[in-house]
Amino acid sequence: MPRDEHGHLTAGRISPQRSVPKDIERPEYVGRVEPHEHGLGDTYTPDEVERIRTAGRIASQAIDAVGAAIRPGVTTDELDRIGHEYVVSHGAWPSTLGYRGYPKSLCSSVNEVICHGIPDDTVLQDGDIVNIDITAYKDGMHGDTNRTFVVGTALPEVQDLVTRTEEAMRRGIRAVAPGRQVNVIGRAIESYAKRFGYGVVRDYTGHGVGRAFHSGLIIPHHDAPQYDTVIEAGMVFTIEPMLTLGGIEADIWADDWTVSTRDKSWTAQFEQTLVVTERGAELLTVSGKGPSSS
């Protein structure tokens with residue numbers, strides 16, 4: 001079990017890359033060192049939005065399937081298998097697979113891991129939390145979402161962190177409106193998180209998504225006036241705050257992907273992909289078939 005004597009996560013054994021049927025469309029970056037992501041734009045036609053919604057629904061439903069299997073004793077590699085099989089069985093490519101060399105079909109970030117945790121032979125224990133991040137690519141569009149799950153029964157402060165991180169995301173979504181600058185999103189999130197003394201991770205942000213996995217558009221989760229892009233109707237991007245029980249300084253593991261808090265404080269994250277409407281925002285990464293506004 002890859003944990004040290006203090007119970008902190010360490011790198012585990014990664015299983016071979018899972019296969020994808022040849023008839024499933026691959027993103028342009030598969031097999032390449034660098035993706036072609038910038039300059040593709042962040043606004044979308046209604047037809048394009050529907051294609052993002054289709055991909056986003058697959059990603060959300062894949063997380064539903066993974067979440068149903070989360071329990072003490074399961075490995076994060078097994079969760080990757082479930083997520084992978086769900087996505088490909090619905091004719092989509094798991095967007096993380098092959099992105100800049102990432103070896104798995106989802107990210108599984110446990111306890112002090114902020115984001116980009118690679119599924120391996122880590123065994124989940126009662127009281128852990130694990131973030132599952134899945135993006136699906138279908139018909140030329142990506143839909144990106146994540147949720148944090150409690151494994152068994154967590155300490156009250158940990159359960160509160162998870163609940164409040166999801167609420168912080170909702171508050172960021174409610175701040176979205178055409179004509180505002182994107183920094184209002186981070187202001188709403190950070191003002192809420194500060195009420196509880198949580199750290200708000202700054203180095204990893206929301207982003208434009210759709211034609212590209214990450215378009216270059218930055219959506220801050222903290223109060224950052226320098227991010228002054230004006231929100232427009234038809235824009236598509238993610239909001240995905242990462243809150244911690246301690247500091248926000250981070251370390252990147254030797255795998256060049258896994259990001260953990262330097263002080264080993266636990267951290268939670270939630271993410272939705274949304275499209276900006278004339279009245280606010282509509283979520284594109286929900287499991288049901290109808291629109292979801294916030």
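Strand 10 (residues 242-244) and strand 13 run antiparallel and are joined by three bridges, strands being DSSP runs (E) of at least two residues and helices DSSP runs (H or I) of at least four, both numbered from the N terminus. Two strands are taken to pair if DSSP finds at least two bridges between them. Within this pairing, Thr244 lies opposite Thr267 of strand 13. The two strands belong to an open sheet of three strands, with antiparallel pairing and the order 6-10-13.

The structure is a predicted model, in which local features require pLDDT of at least 70 and side-chain atom pairs count only at pLDDT 80 or more, whereas totals for chains, interfaces and linings use all residues. Residues are numbered from 1 along each chain as its sequence is written, and side-chain values use heavy atoms, with hydrogens and water left out.

Overall, the protein contains four helices and 16 strands. Its radius of gyration, 18 Å, is close to the 19 Å given by the globule rule for 294 residues, so the protein is as compact as a globular protein of that length; the radius is taken over C-alpha atoms, and the rule is 2.2 Å times the number of residues to the power 0.38. The C-alpha trace spans about 50 × 50 × 35 Å along the principal axes. Of the 294 residues, 56% count as buried, that is, under 20% relative accessible area, with exposed meaning over 50% and partly exposed in between (1.4 Å probe, protein chains only).

A further open sheet of three strands has the order 3-12-11 and antiparallel pairing. Its edges are formed by strand 3 (113-115) and strand 11 (250-252), each of which has a single partner strand, so one side of each is left without a neighbour in the sheet. From one strand to the next, the twist averages 40°, based on axes that are lines fitted to C-alpha atoms (for helices over the stretch in contact), with angles from 0 to 180 degrees between N-to-C directions. Strand 11 is joined to strand 12 (residues 259-261) by three bridges in an antiparallel arrangement, and Asp251 has Ser260 of strand 12 as its bridge partner.

Strand 2 pairs with strand 4 (residues 129-138) in the antiparallel sense over four bridges, with Ser109 opposite Asn131 of strand 4. From strand 2 (residues 107-110), Cys107 and Ser109 point one way and Ser108 and Val110 the other, all of them buried. Relative accessibility is 6% for Cys107 and 5% for Cys115, which is also buried. The sulfur of Cys107 lies 7.8 Å from that of Cys115, its closest cysteine sulfur, too far for a bond. No disulfides were found in a search of the whole structure, the criterion being a pair of cysteine sulfur atoms within 2.5 Å.

Among the helices, helix 3 (residues 156-174) comprises 19 residues and reaches 27 Å from its first C-alpha to its last, close to the expected 27 Å at 1.5 Å a residue; the expected span is 1.5 Å times one less than the number of residues. Its buried residues include Val158, Leu161, Val162, Thr165 and Glu167. In helix 1 (residues 46-69) is Arg53, which is buried at 8% relative accessible area. The side chains of Arg53 and Glu282 are joined by a polar contact of 2.6 Å, a polar contact being a pair of N or O atoms within 3.5 Å; within protein, one must be able to donate a hydrogen and the other to accept it, and residues adjacent in sequence count only if both atoms are side-chain atoms.
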